[in-house]
Amino acid sequence: MKSRLLPLLALFTALSAVGAAIKIPAIVGSVAFDVFPALIAAALLGGGAGAIVGLLGHLLSALLAGFPLGPMHAFIAIEMAVLVWMFGRFFQNGKKTTGSILFILANSFIAPIPFIFLLNSAFYLGIVPSLIIGSFINTVIALVAIPRLSILVHQNRNNREVKL
């Protein structure tokens with residue numbers, strides 16, 4: 001990991017911690033504004049960096065809510081990392097709209113599918129509306145912030161080093 005990337009990861013993770021404290025009303029208290037910094041990191045620093053921030057952001061959000069789903073939050077954090085990585089790949093390939101729509105749909109409808117089997121379908125139906133709202137708002141915030149923050153972070157194409 002490049003030494004200049006680490007402070008940026010720490011910054012985006014800290015922003016994710018702040019967002020994790022702002023909850024979206026849901027049947028589980030871990031739905032929050034924790035993912036928009038991960039989406040920004042994925043767009044500006046790459047999918048891997050965004051995935052790290054997304055994973056840590058969800059764990060922080062779950063921690064602040066008291067881990068209402070117990071160890072299942074580790075699985076959710078991995079799902080979040082994969083979804084943010086996917087968003088970053090699409091975004092960096094110039095497919096911003098596709099990546100955004102896929103992130104919202106996957107986070108809202110596909111990611112909670114395992115809970116149909118682990119808990120029940122009522123939980124799935126109860127969590128989906130909050131996930132739709134949370135995913136949409138987080139994605140819109142990220143899409144508004146990315147062009148404004150891209151001026152601050154430039155990637156040197158020659159040595160793949162992140163520069164401020």
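**View 1. Ile40 is a buried residue of the predicted model.** Ile40 has a relative accessible area of 3% and is buried (under 20% relative accessible area; exposed is over 50%, partly exposed in between; 1.4 Å probe, protein chains only). Ile40 sits in helix 2, residues 36-45. Helices here are DSSP runs of H or I with at least four residues, strands are runs of E with at least two, and both are numbered from the N terminus. The model is predicted: local features need pLDDT of at least 70, side-chain atom pairs count only at pLDDT 80 or more, and totals for chains, interfaces and linings use all residues. Residues are numbered from 1 along each chain as its sequence is written, and side-chain values use heavy atoms, leaving out hydrogens and water.

**View 2. Contacts of Ile40.** Leaving aside residues up to four places away in sequence, Ile40 touches Phe12, Ala142, Ala145, Ile146 and Leu149 (contact: heavy atoms within 4.5 Å). Thr139 is 99 residues from Ile40 in sequence, yet their C-alpha atoms are 9.1 Å apart.

**View 3. The largest cavity.** One cavity of 30 Å³ or more is present. A cavity is a set of points, on a 1 Å grid over the protein atoms alone, where a 1.4 Å probe fits but cannot get out; lining residues have an atom within 4 Å of a point. The largest cavity holds about 310 Å³ of space. Grid points are joined across faces, edges and corners, and volume is the space filled by probe spheres set on the points.

**View 4. Lining of the largest cavity.** The lining counts 22 residues. Nearest the centre lie Val31, His58, Ile76, Asn107 and Leu131. Helix 4 (72-92) and helix 7 (121-149) each supply at least two lining residues. Helix 7 gives the most, with six. By class, 13 lining residues are nonpolar, seven polar and two charged. Nonpolar covers Ala, Val, Leu, Ile, Met, Phe, Trp, Tyr, Cys and Pro; charged covers Asp, Glu, Lys and Arg; the others, Gly among them, are polar.

**View 5. The fold around these sites.** The protein has seven helices and two strands. From the N terminus, the order is α-α-α-α-α-α-α-β-β. The radius of gyration is 15 Å, close to the 15 Å that the globule rule gives for 164 residues, so the protein is as compact as a globular protein of that length (C-alpha atoms; rule: 2.2 Å times the number of residues to the power 0.38). Buried residues make up 46% of the 164.

Notes. On a 1 Å grid over the protein atoms alone, a cavity is a set of points where a 1.4 Å probe fits but cannot get out, and a pocket is an open set with protein on both sides within 12 Å along at least five of seven lines; lining residues have an atom within 4 Å of a point.
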